[in-house]
Structures are given as C-alpha cells and as structure tokens.
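Hi there,

Here is the structure I promised to pass on. Please have a look at it, and then read my notes below.

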Amino acid sequence: MKCRSAWMILLSLCLTACTGTVGGVAQPVDPTLVAGLEITDGPSGLKPGVLDAGLPVDGGDGGEIDRLAANAVADVQRYWREHLPAVFKRDFRPLASLVSYDSAGRGRKICGTSTAGLVNAFYCAGQDVVAWDRGELLPMLNDSIGQAAVMAVLAHEIGHAVQFRLGLPAATPSIVKEQQADCYTGSYLRWVAEGKSPMFQVSTGRGLNEVLTALFQIRDSAGVAFDDDSAHGNAFDRVSAFQFGFTDGPARCAEIDEREVEGRSTQGAADERAAAENVRLDDRQALADLTTSLRQAFRLAAAPPTLTTGAACGVTAEDALASYCSESNQINLDLDGLVRIGTPPRRGRQGGIGDFAAFAEVASRYTLAVQQEGGFRLDGPVAAQRTACLTGFWASTIVDGGALTLSPGDLDEAIAEMLTRNSLIAADVRGRTLPAGFARVAAFRDGFSSGSQSTCGDKYR
Ligand SMILES: [Zn+2]
C-alpha cells in the first residue's frame, strides 16, 4: 500500500483488466454453491480404506508421504486418461517414472539437477519424470495444510506433463506454463470435488481452502516480475488460474497464452523498496488517503460514512476489527487490531498479514454504506459476496495511483485475509463471513477484474 505522500512511481500493475465495462446482464451467483457445487466441509485426501494404486516409485522409502504422493499421481493420471481424449482428442501416456528423494540427503541427479537441498517438486520433460522431496516439502505441506495441498502440488506437476503431451513449445514463457499448470490443477480438483475420483476426496469448503492456502504459500514473492524466467505467479494470479480450471475445465487452461496472461496479470515488476513499504492504518495521513480513495471509487448521493475509532457495532463476530453502523453512518475501527493484522511477520516472528489486509477490511465496511444507498440488504451471504466484490472493485480503482496506490504483494494480502476464518472482506454487516474461501476470492476477483461497480450489484443479488 502506498500513500500519496510516498515518492515512488510504480509501474502500472494492471494492464488491461481495470477499465472494462460489462455488457449484458450478469447471472446471479448462488451463495450456497462453489462454482455450482454444494459447499462441503468434510475431510480431504485419500479416502479411507482405498487400496494403493501400486505405481513404482524410484528412490522411495515406502513411507506414508511416498504412498500419498504415488496415489495422488495415479489419481491425476486417471483423470487425464479420461479427459485428454475427451477434451483434446489425444491419448494420455502415463509418466515414464516417478522419483522420490530426500532434500536433506546426499542427492542424485535428475535431468542434470542435483536433488541435494532441493526443497521442491518438479516435472522434467527430458526424462518425463515427476520428482518430489519427501524429506521436507511434502511433509511440510501435509502437516501444516493438509493432504489436499499435496494433491495440488502433484496435479500441478502433471499439468506440466500434459502441456508436454499437447506440444506446448519448450520456449513458452515460464509464467504461461505455470498458469496453465495451476489451471489444470483446478480442473482435476473439480473432478475430485464432484465425487468422480475413486481414491481421493476434497471438500469445497475446507478442502479448497487448503488448496488455495498451498498456492498462496508457494507464490512468487513480491517484486518478481511476471515475465521473469522463473515466475510462477503471485498468489492472486495463481488462484485466478486455479479458479478458471475449477470453474471452466481444461479447455480453458489450454487457452492461457502470453497475451492472455499479460492482459490480466497483477504481478508488476516493481522496485524492491516499494514492495517493502507497509503503511500503518493508525497514521492520520493513511486514514485520510483511504477515505479519499473510497469517496473517489464510490460516488454517494448521501453523506459518506466517517471513519472513527470505537466499539464494534451490530456484529456477531466477536473479533471484527471494523464495523459499519448504519444508524450513525460511521465505520468503527479497532485501530490496534487493524495495525496488528496490517503488520506482516518479520523473519522468525509472529505477525499479521500486511497493510492491504487491514485497508481492505475497512474498505469492505465502507461498501456497506454504498450497498445501503443502493437499496441492497446488508445481511446474509449474498451481502457478504457483494461486499467482497465491491472491495475488489475499490482495489481496481487504486491500481494506477491517486490517494492510495497498490504495491506489489497487496492483492496477495487480500487473498491471505480471505483465507482466514473470520475474513471481513467477505463478511456481511454483522461480520458473518462466507463459508467457502473459494467463493470469497471469486467474488473479490469479479469486482477487481471487471473494474465495474455495477457488476457486483448485478451478479450478487
Ligand atoms: Zn510448475
């Protein structure tokens, strides 16, 4: 986040997606569904009692992680055995081999790369092999997030194998390959979520939250350009690609090319110092700039709400850090709490998320005044979706500067906020958040990428 007072001029983060207007009438989105599927919160991962697929693993130790990984590979390959012919008219040839290694071990060469110290999972086209680190990467994802994170990583790597089979040129920019692989991950997980996998399950609430959290954790750090050789995408772009695949299927993924990515990528090449900039919400200038940006984004006929500190008003969530009081037309802020979530963790220490998470929480409450003036209901799940959408729209208005300007990493902070249990960005007037992280992020992205306030009212009604 950058205030007007800052001196640096950022590159434009958003190349074309910000100014679009929307033609036609948007179809309303059902808040009880995730991309058309019912919201579920059951366990995710291997179904209990399934037999191992028995794929040979080169270098494995026969432990639980290798078992999980090999079964995930078998399952993803089963998906492609059905879908490569059905969608792309090609037969799917299984991977030539799977390799498990321990990044803490002595290391071996795979496609010319030593695995010593390589905390990673990867696909190498030269030997048509998928390899994973069973020592650190997969156990870390499995323990800190869940089995769905491991499924997502292997589905991503096999997504690269699919590209190779579809003949994507090797010289294709890294970001295009990575976006496609994230998208293919989404299409595979859709199949699992629909109950079509014989071995795995994933719930659309908690399970997809785990997947999105995994994409968030392995995002590019702020300041990596989207056309960098090694670019995988920031969390916002990665989650977007995943959602395309989940919602629209694998044909959509193959359409991702350089032009399409350039048109919507939010990953600007920005100065490192800009990335490090973090504005505190208890700074008077910051609050004034936030107010200005909101008043410019939303033209209200009535008096705009004022930001003030004070006890939460009318919320059921105990720890809501901001609330909208329609009677007094005030937004009451818990400034200490907002500064806490607005301060990113320092090396080795606990911390919050980052400034944009705090700013967006306040902005989300402001959109409630906008909705009230528009005659919309302020409570219930549709209001929560509309709030996320309008907050995304507000974010689209500060891409190119003004009172506030987005910094690299800001949108990723919004994603992180929306994956917390009590996300306020996607909450109604009472602070009740949408149950599925997928739906929260999808609504925010709708507002951001359409750059249109009316889209939010049309789609979320
Ligand atoms: Zn990749």
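Predicted model: local features only at pLDDT ≥ 70, side-chain atom pairs only at ≥ 80, totals over all residues.

Let me start with two backbone spots. Most residues other than glycine have a negative phi. Lys 89 is not a glycine, yet its phi is positive, at about 60 degrees. You will find Lys 89 in the loop that runs between helix H1 (64-88) and strand S5 (97-101). Because 7 other C-beta atoms lie within 10 Å, Lys 89 is exposed.

Asn 329 also has a positive phi, about 55 degrees, without being a glycine. Its loop lies between strand S12 (322-325) and strand S13 (330-333). With 14 other C-beta atoms within 10 Å, Asn 329 is partly exposed.

Now for a helix pair. Two packed helices are described by the angle between their axes and the distance between the axes. For helix H5 (residues 206-217) and helix H6 (residues 235-248), the angle is about 140 degrees and the axes are 8 Å apart. Angles over 145 degrees would count as roughly antiparallel, so H5 and H6 are oblique to each other. Their crossing is right-handed.

Which residues of H5 and H6 meet? From H5 come Leu 212, Leu 215 and Phe 216, and from H6 come Ala 235, Arg 238, Val 239 and Phe 242. Six residues of this contact are nonpolar, one is charged and none is polar.

Best wishes

Methods. Residues numbered from 1 in each chain as written. Axes fitted to C-alpha atoms, helices over the stretch in contact; angles between N-to-C directions. Helix = DSSP H or I, 4+ residues; strand = E, 2+ residues; numbered from the N terminus. Parallel < 35°, antiparallel > 145°, perpendicular 65-115°, else oblique. Left-handed = near helix turned anticlockwise from the far one by under 90°. Contact = placed C-beta atoms within 7 Å. Nonpolar A, V, L, I, M, F, W, Y, C, P; charged D, E, K, R; others polar. Buried ≥ 20, exposed ≤ 12 C-beta atoms within 10 Å, placed from the backbone.
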